[in-house]
Amino acid sequence: MNKKLFLLTSMTIVLTACASTQKDWQGSGHLRIHQNGEAATNPRNFVDVNWQDFSDKILTDNHKRLGIEASHVHDGSLRIVLPSRLIQKNHSISNKATPLLKTIAEKMTANLALRAKIVGHMTNHKQDTLNQTDSLHFAYHTAERLIKQGVFSSRIEVEGRGSIDPLVSLESPRSKDINRRVEIYLYQLR
């Protein structure tokens, strides 16, 4: 009986503490919450993204020469493709991509609603498990570079697709270069 009374008293104290919060209580996290449960975070950090302006900013002549592409996806996200020439043998991303990754990181830190999904792709020249592992390493190393630029890891998803999503059929050596890539999808929380 004492355990039930203790549990009931503890729950009452916790619920009373939750109900007695101030209207604009900030708490210890990054988001402020009103008493009614609505987000009270500064709305200027959650502005809509103009993907066209951002695409123009990242698609400099230098980036175009490197083969970097950016396009809008039907779901409202922005897809940025890093080609195979920017992927090194140790699965890391070349330093030539640093200005691009810095621009992406600046955009993400300026807008708290932005998230990134980084997807690595590989050609079909190894066993499936090795293709999968390599593609995951591509994505992981790209995410690591964004994290070093100040983007919280909780705002980045990483996925390796192996060789299951080729852009072109594997009939020529050139097609291997096209299929080996990293795609960064930037999207905004709603």
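Reader: Is S94 buried or exposed, going by its relative accessibility?

Author: This is a predicted model, so read every value as computed from it. Buried means under 20% relative accessible area. S94 has 9% relative accessibility, so S94 counts as buried.

Reader: Where does S94 lie?

Author: S94 is in a loop. That loop runs between β2 (78-82) and α4 (98-110).

Reader: Which residues does S94 touch, leaving out those up to four places away in sequence?

Author: With those neighbours set aside, S94 touches L86, Q88 and R145.

Reader: Now the salt bridges. How many does the count come to?

Author: The rule asks for a side-chain nitrogen of Lys or Arg within 4 Å of a carboxyl oxygen of Asp or Glu. By that rule, the count comes to 4 salt bridges.

Reader: Which residue forms a salt bridge with R79?

Author: E183 does. The closest N and O atoms of R79 and E183 are 3.1 Å apart. This pair links distant parts of the chain. R79 sits in strand β2, while E183 sits in strand β5 (residues 181-188). They are 104 residues apart.

Reader: Are R79 and E183 buried or exposed?

Author: Apply the 20% cut-off again. R79 has a relative accessible area of 18%, so R79 is buried. E183 has 4% relative accessibility, so E183 counts as buried too.

Reader: What salt bridge does E183 form with R181, and how far apart are the closest N and O atoms?

Author: In the salt bridge of E183 with R181, the closest N and O atoms are 3.0 Å apart. R181 is buried, with a relative accessible area of 3%. Salt bridges that share partners join R79, R181 and E183 into one network.

Reader: Which side chain meets that of E159 in a salt bridge?

Author: That of R161, at 3.3 Å from N to O. E159 has 23% relative accessibility, so E159 counts as partly exposed. R161 has 25%, so R161 also counts as partly exposed.

Reader: Which helix holds L136?

Author: L136 is found in helix α5, residues 128-148.

Methods
Residues numbered from 1 in each chain as written. Predicted model: local features only at pLDDT ≥ 70, side-chain atom pairs only at ≥ 80, totals over all residues. Heavy atoms only, no water. Helix = DSSP H or I, 4+ residues; strand = E, 2+ residues; numbered from the N terminus. Buried < 20%, exposed > 50% of the residue type's maximum accessible area, 1.4 Å probe, protein only. Contact = heavy atoms within 4.5 Å.
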